[in-house]
Amino acid sequence: MQVLQVQLEVGPDPAEVGRARRWARSRLAGSGIGDDEPLAETLVLIISELVTNAVVHTGCPAVLRMLFAAEGGVRVEVADASDRPPQPRHAEGDDTNGRGLELVDGLADRWGWQPEGAGKSIWCEVDPVSVAPVRGQGAVSSGRVHC
């Protein structure tokens, strides 16, 4: 199994989330995954959620990585300097945040986290055959930590 890895350093600013989405779209297109394909839509939504969590809740820079397997699957990793584990929440009714990791859990085939250096990496994997069209977006909020 051959794997191609690309990565982007993301600053600790919520405006960086849009840059990460644009970068991801261009890398997906470069790997042969069209911008209008359900796989691309799913991956960009997942990336948006994970990068948002990293920059908003840690206030630290992060690194976004995408790994493309020869078989067509994609692994997304977002590493940050906080050693605090991710804290999935369940949003209620009109809550405007708290849905991010729940959304990732619903969209990804597998996800988890692991220590990385002094911080952590949250990862997920999406298999191309399991993806259905994406219909919405959200962001998660669980509090800030210091790096």
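The model is predicted, so local features are given only at pLDDT of at least 70 and side-chain atom pairs only at pLDDT 80 or more, while totals for chains, interfaces and linings use all residues. Residues are numbered from 1 along each chain as its sequence is written, and side-chain values use heavy atoms, with hydrogens and water left out.

**The whole chain**

Display the protein as a cartoon. There are three helices and five strands, in the sequence pattern β-α-α-β-β-α-β-β. Helices (H or I, at least four residues) and strands (E, at least two) are DSSP runs, numbered from the N terminus. Of the 147 residues, 44% count as buried; buried means under 20% relative accessible area, exposed over 50%, and partly exposed in between, with a 1.4 Å probe and protein chains only. Among contacts with a separation of 6 or more, 66% are between residues 24 or more positions apart, a contact being heavy atoms within 4.5 Å.

**The sheet**

Next, select the five strands. They form an open sheet in the order β1-β2-β3-β5-β4, with antiparallel pairing; two strands pair if DSSP finds at least two bridges between them. The edge strands are β1 and β4, each of which pairs on one side only. From one strand to the next, the twist averages 15°.

**Helix α1**

Select residues 16–30. Helix α1 has 15 residues and reaches 21 Å from its first C-alpha to its last, close to the 21 Å expected at 1.5 Å a residue; the expected span is 1.5 Å times one less than the number of residues. The helix lies across β1 and β2 and runs at about 160° to β1. Such angles run from 0 to 180 degrees between N-to-C directions, and axes are lines fitted to C-alpha atoms, for helices over the stretch in contact.

Show the side chains of E16, V17, G18, A20, W23, A24 and L28, the buried residues of α1. These buried residues pack against β1 (3–10), α2 (38–58) and β2 (62–69). R22, also in α1, is by contrast exposed, with a relative accessible area of 57%. Just after the helix, G32 takes a positive phi of about 95°.

**Helix α2 and its contact with α1**

Now select residues 38–58, which form α2. Its 21 residues should span 30 Å at 1.5 Å a residue, and its end C-alpha atoms are 30 Å apart, which agrees. Because 18 of the 21 residues of α2 are buried, the helix is largely enclosed by the rest of the structure. G59 follows α2 with a positive phi, near 70°.

Finally, show both helices together. They pack at an angle of about 150°, with their axes 9 Å apart. Which residues of α1 meet α2? They are V17, A20, R21, A24, R25 and L28, which meet A40, L43, V44, I47, S48, V51, T52 and V55. By class, the contact has ten nonpolar, two polar and two charged residues; Ala, Val, Leu, Ile, Met, Phe, Trp, Tyr, Cys and Pro count as nonpolar, Asp, Glu, Lys and Arg as charged, and the others, Gly among them, as polar.
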